[in-house]
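Please consider the following chain and its model. The paragraphs below lead through selected features of the fold.

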Amino acid sequence: MDHYFCIIGKEYRVMLNEKTAKLLNTQINKELYSAYLYLHFANYYVEQGLNGFANWYQVQAQEERDHALLMVQYLQNNDAKVTFEAVAQPDAVLKENMDPLKAGLAHEQYVTSLIHTIYEAAYAAKDFRTMQFLDWFVKEQGEEEKNATDLIKKMELFGNDEKGLYLLDQELAARVYAAPSLTL
């Protein structure tokens with residue numbers, strides 16, 4: 001994890017801050033848990049016959065997996081050890097069609113707080129490279145929370161009407177996966 005380089009006879013050490021690296025490793029596990037959670041939501045919607053909602057959460061699961069992989073790559077690119085932990089089973093209890101949506105928003109807010117904690121640690125360590133890396137995730141979390149909020153609003157507006165729910169389900173079925181475009 002330590003790197004040394006020499007400029008005109010002076011030796012400098014460059015390394016990823018240990019606390020920040022540990023938090024990023026923990027976040028990898030949280031991102032993988034997010035993917036599991038969203039697959040749990042997708043499965044619930046398949047059981048309800050709402051395949052568009054299921055598709056929306058399957059795409060979410062792919063995005064969360066990619067977030068984890070981006071963090072893995074970042075740690076590897078900075079010669080930091082990557083530690084994989086067991087991924088917990090999702091514990092969200094889903095009884096109504098709104099339950100995954102509300103649980104999804106709460107989860108995204110939690111993930112935002114985790115990203116902010118990592119950012120604060122990087123800031124305290126003056127780890128500007130990691131702060132720049134995390135800027136993308138801060139922006140992404142804003143988008144994730146907005147998407148979750150918008151989905152709840154749409155469900156509140158249309159979810160109690162069979163035709164409205166059908167059209168919303170069709171809208172969500174059209175969502176396609178797009179890989180993140182973060183340059184490491």
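In which loop does Asp79 lie? Asp79 belongs to the loop between H2 and H3; helices here are DSSP runs of H or I with at least four residues, numbered from the N terminus. This is a predicted model, in which local features need pLDDT of at least 70 and side-chain atom pairs count only at pLDDT 80 or more, while totals for chains, interfaces and linings use all residues. Residues are numbered from 1 along each chain as its sequence is written, and side-chain values use heavy atoms, with hydrogens and water left out.

Although Asp79 is not a glycine, its phi is positive, at about 55 degrees. With a relative accessible area of 40%, Asp79 is partly exposed, since buried means under 20%, exposed over 50% and partly exposed in between (1.4 Å probe, protein chains only). Lys126, in the loop between H3 and H4, likewise is not a glycine and has a positive phi of about 55 degrees. Lys126 has 61% relative accessibility and therefore counts as exposed.

Helix H1 covers residues 18-48. Its 31 residues reach 45 Å from the first C-alpha to the last, close to the 45 Å expected, where the expected span is 1.5 Å times one less than the number of residues. Just after H1, Gly49 adopts a positive phi of about 80 degrees.

Helix H2 contains Asn55. Because its relative accessibility is 19%, Asn55 counts as buried. A polar atom of the Asn55 side chain lies 3.0 Å from the backbone oxygen of Leu172. Beyond its neighbours within four places in sequence, Asn55 is in contact (heavy atoms within 4.5 Å) with Leu172, Ala173, Ala174 and Arg175.

The structure also holds one cavity of 30 Å³ or more. A cavity is a set of points, on a 1 Å grid over the protein atoms alone, where a 1.4 Å probe fits but cannot get out; lining residues have an atom within 4 Å of a point. The largest cavity holds about 40 Å³ of space. Its lining comprises Tyr38, Trp56, Tyr57, Gln60, Gly104, Glu108, Glu144 and Ala148. Helices H2 (51-77), H3 (99-124) and H4 (128-158) each supply at least two of the lining residues, and H2 gives the most, with three.

How values were computed:
On a 1 Å grid over the protein atoms alone, a cavity is a set of points where a 1.4 Å probe fits but cannot get out, and a pocket is an open set with protein on both sides within 12 Å along at least five of seven lines; lining residues have an atom within 4 Å of a point. Grid points are joined across faces, edges and corners, and a volume is the space filled by probe spheres set on the points. A polar contact is a pair of N or O atoms within 3.5 Å; within protein, one must be able to donate a hydrogen and the other to accept it, and residues adjacent in sequence count only if both atoms are side-chain atoms.
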